[in-house]
Amino acid sequence: MTHLPYIAASYGLALVLSLTLALNAAWRLKTARARLAMLERGNLRPVQPAPRPEAAPSSTDTQTP
Amino acid sequence: MSASPTLVARTGSFFHRYANPGRFLKLGARLQPWLTWPAIVLTLLGLGWGLFFSPADWQQGDSVRIMYVHVPAAMLASAGYAALAVCAVLSLVWRHPLADLAAVEIGPVGACITALCLATGSLWGKPMWGTWWVWDARLTSVLVLFFLYLGHITLIRAFDDPQRGYRAAAILALAGAVDLPIIKFSVQWWNTLHQPDSITLTGAPTMSSSMLWPLGLSTLGISLGFAALVLARTRAAVMESRIQALLSSPRRNQGNAA
């Protein structure tokens with residue numbers, strides 16, 4: 001096969017990229033489904049957002065106790 | 001001539017039927033396997049056929065096999081941005097909340113597929129043209145598309161108020177759609193190193209059917225894969241926004257404080 005390194009790099013890149021995107025989507029779906037199920041059962045406590053380094057408070061900062 | 005208000009309202013109510021997160025999640029869960037499994041099978045079939053069984057080109061040799069990855073990636077880079085523009089219209093005209101969430105999720109997938117298109121183009125260009133990159137109209141317009149995706153990803157997350165981010169990114173998506181016809185017609189409007197299209201809507205393909213079949217299969221498979229990824233990410237985003245809403249609801253916080 002001529003130009004094998006170029007062909008292998010192209011297919012390898014496609015494989016790595018698609019696997020990364022697919023695994024990321026699957027992990028996000030799984031985590032979100034589990035957290036939502038826990039929340040709807042009432043078992044999950046609200047998570048306090050990490051303090052931000054910026055001086056200006058954001059719109060969401062005012063809502064947190 | 002402008003569209004009648006009734007038509008706009010009817011279209012709006014059609015789209016808003018799926019703005020209900022519960023309905024979307026139910027429909028999405030049902031649709032997901034019908035996109036994912038055909039995407040895997042068709043992509044493996046198309047790429048396997050293209051890599052091992054399709055003939056080498058008389059002029060380009062085996063490097064033509066890069067086409068089975070490069071061409072679907074190039075088509076989807078443009079199609080993904082067109083989808084962003086459709087989401088932008090839905091967001092700006094009908095304030096469709098799912099269109100905003102879908103736009104957030106299409107951006108990174110579209111940027112990845114555009115990066116793949118540029119990278120495989122370079123890997124094909126080096127042995128054929130003797131260079132990794134030329135500032136040719138087709139290549140440059142696709143590079144601009146990649147930057148548009150990056151700009152969209154950044155802008156949509158740049159504001160504390162997500163609604164402002166959605167509006168700004170929607171305007172960028174609409175303005176950037178100008179690049180799509182430039183990409184499409186660049187090989188006709190300018191004298192480029194990039195070859196003209198081998199498959200057009202109006203003429204017969206200038207490619208042997210032994211190459212056309214694997215290309216068609218891989219294009220279909222990768223397109224379904226793109227749709228499956230965007231659907232999965234949008235479903236996750238809907239669930240995450242529901243989680244955020246539940247966690248920040250005052251009643252819940254009061255309950256926990258008590």
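**Cysteines and the chain B–chain A interface**

In this predicted model, B:Cys87 is tucked away from solvent: its relative accessible area is 8%, so it counts as buried, the cut-off being under 20%. B:Cys117 gets the same label, buried, because its relative accessible area is 5%.

Now to where the two chains meet. On the chain B side, 38 residues are in contact with 31 residues of chain A. Interface size is often quoted as the accessible area lost when the parts come together. Here the area buried between chain B and chain A comes to about 3200 Å², and carbon and sulfur atoms give 70% of that.

Charged pairs show up too, with three salt bridges counted between chain B and chain A. One of them links B:Glu240 to A:Arg28, with the closest N and O atoms 3.0 Å apart. Polar contacts across this interface involve four residue pairs, both residues being at pLDDT 80 or more.

Which elements of chain B give two or more residues to the side that touches chain A? They are helices H2 (21-53), H3 (67-94), H4 (97-129), H8 (209-247) and H9 (250-257). Of these, H8(B) gives the most, putting 12 residues into the side of chain B that touches chain A. By residue type, that side of chain B splits into 21 nonpolar, seven polar and 10 charged residues.

Technical notes:
Residues are numbered from 1 along each chain as its sequence is written. Chains are lettered from A and ligands numbered from 1 in the order in which they are written. This is a predicted model: local features need pLDDT of at least 70, side-chain atom pairs count only at pLDDT 80 or more; totals for chains, interfaces and linings use all residues. Side-chain values use heavy atoms; hydrogens and water are left out. Contact means heavy atoms within 4.5 Å. Buried area is the accessible area (1.4 Å probe) that two parts lose on being put together, summed over both. A salt bridge is a side-chain nitrogen of Lys or Arg within 4 Å of a carboxyl oxygen of Asp or Glu. A polar contact is a pair of N or O atoms within 3.5 Å; within protein, one must be able to donate a hydrogen and the other to accept it, and residues adjacent in sequence count only if both atoms are side-chain atoms. Helices (H or I, at least four residues) and strands (E, at least two) are DSSP runs, numbered from the N terminus. Ala, Val, Leu, Ile, Met, Phe, Trp, Tyr, Cys and Pro count as nonpolar, Asp, Glu, Lys and Arg as charged, and the others, Gly among them, as polar. Buried means under 20% relative accessible area, exposed over 50%, partly exposed in between (1.4 Å probe, protein chains only).
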